[in-house]
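Please look over the sequence and the model below before reading on. The report after them goes through a few parts of the structure.

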Amino acid sequence: MAVTHETEQVSPRIPVGRSTELNTLLRQAARARAGSARAVLVRGPAGIGRTSLLSAVADRLQADGVTVRRFGGRPDDNDGTAPRRAVDVLLAPHSDSVPADPHADRRRLHGHLLGLLSAGPLALVVDDAQWCDETSLRCLDFVLRRAAARPLFVLLSQRTECEGPGAPVLAELLAHDRCALLELGPLDRSEAARMVESALGGPADDLFVRRCAEVSGGNPLVLGRLLAGLRGAGVRPDTAGLRRLGAVREGILASMVPDLLAGQPRHVRRVAIALAVLGRGEADLLGALCGVTCTRVEPALGDLRRAEVVLPGAPAEMRDAVREAILGGIAAPTLQQLRVRAARVLSDAGRPATEVADQLVLLERLDEPWMLAVLRDAIAESPSRAATRAAVRCLRRALESRLTAAERKDVHVELARASVPTAPATALWHLRQALATAAGPREQAPIAVEYGMAALGTRCAPDAVRALGHVLDGLTGEIGTAPAPADRELHTTLASALLVTAVNDRTAMSVARERAASWPVPQGDSPAERQLLSALSTFAALEGRTAEQAAALARRSLRVEEAAPAGWWVLGSSLVLSLADAVDEAHAGLERSLTNGQARYAPWMQVAALAGRSHTLHGTGDVTGALHDARAAVALAEQNGMTGSVPLAHIALGNALLSQGEAGPARTVLDRIARAGDNLEARVWEWHQYLYARGRVLRELGDLDGALDAWQRCGDSLDEAGVANPVLAPWWLPATDTLVRTGRTAEAAAVAEQAQVQALRWGTPRAIGLGLLAAAAVARGRARLQLLGEGVDALAASPARLELAKAEYLLGRELLGRDDARGARHHLRRAIELATRCGYHVLAALARELLVTAGGRMPQLATSPLDSLTESERRVAALAQGGVSNKKIAEALFITTRTVEMHLTNVYRKLAVRGRADLPGGLGLAAGH
């Protein structure tokens, strides 16, 4: 809009820090008054003081009797063209018509100029001349040349960080030396100091002033607003105030955005709004969103960067405070339309679903089906819990929209998937709604599978088993006796989900066991069959069938590495193999689960795999490695709010701490999980391992009655659940010894007898050896000595180095009690070696005391990092050090290449080396030599 100022008397003003420039312009004006027409262009960025300087000059001239005509150029919605020509406002009466002939037009305007000059000196002041129309500026050049000997002063200003229709003509005026140039630079330090002291009170610290000048760029407007913000915040101009300058500057820049954009052409404003909606983006995306061609987007971004609205670099990105200021000035309906358009543009451009969802989550309603699909994809892709929560909020709003039954079912399923990690109860509710909406068993089947997985470890597991059974029966009746391959795979997936949902719930196990009794064992030719094999292997292990049978099923389930990420079945089979003492294969499966959990950002899988690996390492005597993995599992569980949902991590930590002699911290860890555990008593694996560990802690703290009570509860609960595996939670071994110590020998004998039966049926050297130790606890005389010796021999053939250390100690103690000091010393030294290498320092100390009593000497063992290696790790590392390839190592040791890689990774970690070339000597020596 053009603005004119008629001749009037005003008080003279001096802009802040511009006295030198003001005097320069007044000298030029004085020469013009003397009869030599002059023109000056004042140039500088927004806020540098151009307008105030021009106003000051105009005020001085008016006070001295000069006629001043003013025009302020401003862009409108038509690419910056003013509604009236500048020269018509400055020189001609408003009622005059404009001749069609340009020469006649210029002669007419020149005549008006002469009329104005006849009354005395004349000053024409044009602010923001870059917005003036080209015709007006060329006319001013024409009349300036024709009035060269007249008292005419033309004063123009140009904003440098943006383009306009008048900018090319202004460049021509300067190029032909028909206009002098006055560049307005930043304030110098003395001028900035005066502003600081005036606004905040002096004296001002030099460093504070310099920083204010740097932050504001020496721009008077920015500096003034900065100082106003500092004054409002109570900041003093001293060293202490320096820390608050950065935060205040962002707010000031945001407050200037409306003024900065108001002076920009329409296409620049459109680009700024598009970038505010997207946050960041390339020129093609911005152009598609705002309807501006790419050839104009890049220059517009350049203008916005110079104005500090857009950050330097590519892709273009907007400061957060500036973005909020721009979006805050857009009407809500308009902003909603922009976000819908932005989502479409991003989707059409093939951008990640999470980027598209960033726009959708801000909408009030989701009215189009494609939006739901994008949100589902975003939840699946998102590595961020914050992004998932935003998508969940959006999907909840979608339920209030007009959806078809199928769309509503899909929304419930996606909400369930997003809620499972942190809010399983919410996930289960959504899945129940989806099940109720689904049409027929085929559509219900995948939902029922997710319902079962979400119910794992919760009080809803029995209900999920019933739901799975109902859908399974319906699907069985629908597909008949000769199902198509896809239907057979779906049926098998349902069956495996039913078993795995029930296998960790004491109340649901019996129902699932009855169903599975009549099912044929699959070959493992498809992913669903391999999942079913895993579930069957877990049932076989818990029911106490032979370890060989359970391990065979687990191996078949893992024989093929699926293209899809590893799921619960890999973890379950790995734990079965661990119980069966197939520790190398168990480690490989756990490593596979851990790797997939990291790749998929599945924290529950990572926590469970770390906890499972900690239990396996502890069972092989690697207490240090077990403690490392247990702490990592607990930290990850707590970080993701899963303290109660994955209690196995805390149980693993308690066991590892206990083996290092830290009974107090172990009790704290176990007490915490007991308080936080969600339905802990119903879980087959975790509840019994918790009771076993708790009993061990209480015994170490001297509470024998409490320990026996915990172990008795463990045994009773296992019997009620029909679990007959002796090594899942071998409570019976410490219970037998403690019962004997308290004089309850008959009870101890009954416990030991039942344990031996189960141990022999399971059949692993570990189980047999532990059973023999339990029998030895209640035996007397030579029988006791013989059982202890047999127990040592059995455990020596197992990977259970920690249990072997205990057995060696017991045998040494028994021999010492029979005055066989020489035999005692042999076994006590072996116990010390094993316990030290395992990190079981409490047992090592006890064995040393007995060794001294037996007349033996054994200096403190200088443990080597090599001692932390398991036998399998040592064998693999020795071959690798000799230059044997991973494939050849796998063939030589009858293991998989993945297992070799896993062992080498563990070796490198334990020995703190980078690779094969750094492996130390001594790997070929057998452990203990």
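## Basis of the report

This is a predicted model, in which local features need pLDDT of at least 70, side-chain atom pairs count only at pLDDT 80 or more, and totals for chains, interfaces and linings use all residues. Residues are numbered from 1 along each chain as its sequence is written, and side-chain values use heavy atoms, with hydrogens and water left out.

Helices (H or I, at least four residues) and strands (E, at least two) are DSSP runs, numbered from the N terminus. Buried means under 20% relative accessible area, with a 1.4 Å probe and protein chains only. Strand 4 covers residues 152-159, and eight of its eight residues are buried, so the rest of the structure largely encloses this strand. L152, V154, L156 and Q158 point one way, while F153, L155, S157 and R159 point the other way.

Two strands pair if DSSP finds at least two bridges between them. Strand 1 (residues 38-44) pairs with strand 4 in the parallel sense over seven bridges, and L41 stands opposite L156. Strand 3 (residues 122-127) also runs parallel to strand 4, joined to it by five bridges; here L124 has V154 as its bridge partner. From strand 3 the chain crosses through helix 5 (residues 134-146) to strand 4, in a right-handed β-α-β crossover (with the strands pointing away from the viewer, the path from the first strand over the helix to the second runs clockwise).

## The cavities

A cavity is a set of points on a 1 Å grid over the protein atoms alone where a 1.4 Å probe fits but cannot get out, and its lining residues have an atom within 4 Å of a point. The whole structure holds three cavities of 30 Å³ or more. The largest cavity has a volume of about 510 Å³. Of its 24 lining residues, H615, G619, V727, L728 and R766 are the closest to its centre. Helix 29 (603-619) is among the elements that give two or more residues to this lining, and its share, five residues, is the largest.

The second largest cavity has a volume of about 70 Å³. Its lining includes V154 and L156, along with L137, L140, D141 and L144. Helix 5 and strand 4 are the elements that give two or more residues to it, and the largest share, four residues, comes from helix 5.

Terms used
Buried means under 20% relative accessible area, exposed over 50%, partly exposed in between (1.4 Å probe, protein chains only). On a 1 Å grid over the protein atoms alone, a cavity is a set of points where a 1.4 Å probe fits but cannot get out, and a pocket is an open set with protein on both sides within 12 Å along at least five of seven lines; lining residues have an atom within 4 Å of a point. Grid points are joined across faces, edges and corners, and a volume is the space filled by probe spheres set on the points.
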